[in-house]
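Work through the exercises below with the model open. Try each task before reading its solution.

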Amino acid sequence: MNKLNLDKQESDFLNKAVSHWEKEHLINTELAETLRKSYEVKGFDWMRLAKYSFWIALFCGAIAVGSLIINDALINWLKSLYYTPDIVISIASAIIAAVCFYFGRRWEKKYPEKVFSNEAIIFTGVLFTACCIAFLGKTFDNGSGHFSLLFLLSVFVYGVLAWRMDSKLIWLFALVSLGSWFGTETGYQTHWSYYFLGLNYPLRFVLFSIVLVGSCYILKKQKWFDRFWELTYVAGLLYLFMSLWLLSIFGNYGSIDTWLHIKQISLFYWGIISAVVAALFLFYGLKSRDVIAREFGITFLLIFIYTKYFEYFWDHTNKTLFFAILGLSFWLIGRKAERIWNFRSRSNNPQSI
C-alpha cells in the first residue's frame, strides 16, 4: 500500500483526529492502527529540488551560450549568419521547435514522472517558436512598424499548441503574448504617444485585466475551458493588481518627466482606489471561499499600504523611527495571523480545547 506523504503538522493533526475517534468509539482499535499506518511524515522535498535544479540548469546554459559568443571564432561565424535570409532562420527555428514539442509530448506520455525535465524541453520549443515568429515578421516587414501583429499571431499559435498538447506552460505564453499585443497595438494606434483614449499604460491595462478576469467568470462553468481556467484567472488578477500598483505610484501620467514635477500626495486617490479594489477581492474571497481572490486581495492590500508608507514617510521620518514603525506593524500583523491560525487549529481539533 502506498502511504500518503504529509508534513509534520498535517501528520500531528491526523494523529490527534484518529486518537479522538478511537477514544469516542467511532472507530475500533484495528481500524485506528490501519489509518495510522496509511500515512507518514514526508522527508526532503525532492520535487522542489528537481524544479529549481532544472531552472538553474537552463540559466547556466544561457550563461554558457553567452560565454561562447565572446569567443572570436564564434563571433566570426555569427557574422557570416548575418546574411542568412530571415525566412531560412524562421523555418529552421520552426523545425527545432517542432522537434522539441514532439519529444516533449512523447516523453510526457512515456515518462510522466519527469515533470520538470519534460517542461524544460517544451519551454525550449516555446522559445524557438517565438524566434520563428519574429524572423517571419522580419521576412514580410514592409516598414510599417506594426509589429504588434506578431504578438497577435503568437497568441493564436501558442493557444493552439497549448490546446493540442494540453500544456499550461504554453498557455501562459499565450496570455503573456495577449498582454503584449494589447500594449503594443494601443501604442501603434496612437503613434506611440503617452495616452490611448486619455489612458496611460497602467490604466489601459486595468481595463484589459477587467475584461480578462470577467471572461474567466463567464467561462468558469464551461468544461472545455476548465483545464486553463485557474491559470487564466491568476494571470488576469496579476495584470489587474500590478496595473493598480503602478497607478497608485504614477497615476494617469504618461511621462516620467511630468510625473517628477508633481507631489506624490496629489495621487493619493489612486492609492485609495487600489486599496479598495484589493479589499473587495479579499472580502469576496472570504465570503465565496475563493482562495485565489483572497490571497491576491490580502497580498496587494499590504503592498499598496506599505508602498504609500514608503512614499509619504521615507524622506520626512527619522530612519530609526521609520523602521521601528515598519517592524511593529509587521509584528502586529504576524500576531493577528497567529491568533487566527491557532483559533482554526482548535476549531479543527475539539479535543485540544
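**Exercise 1.** Find how helix H9 and helix H10 pack: at what angle, and with their axes how far apart?

Solution. 
- Locate helix H9 (residues 201-218) and helix H10 (residues 226-250). Helices are DSSP runs of H or I, at least four residues, numbered from the N terminus.
- The helices pack at about 155°, with axes 8 Å apart. Axes are lines fitted to C-alpha atoms over the stretch in contact, and angles run from 0 to 180 degrees between N-to-C directions.
- H9 is therefore roughly antiparallel to H10 (an angle over 145 degrees).

This is a predicted model: local features need pLDDT of at least 70, side-chain atom pairs count only at pLDDT 80 or more, and totals for chains, interfaces and linings use all residues. Residues are numbered from 1 along each chain as its sequence is written, and side-chain values use heavy atoms, without hydrogens and water.

**Exercise 2.** Which residues does Leu-240 contact, leaving aside neighbours within four places in sequence?

Solution. 
- Contact means heavy atoms within 4.5 Å.
- Leu-240 touches Val-206, Ser-209, Ile-210 and Phe-281.
- Leu-240 of H10 also belongs to the H9 contact, where Val-206, Ser-209 and Ile-210 are among the H9 residues.

Notes: Helices (H or I, at least four residues) and strands (E, at least two) are DSSP runs, numbered from the N terminus. Angles under 35 degrees count as roughly parallel, over 145 as roughly antiparallel, 65 to 115 as roughly perpendicular and the rest as oblique.
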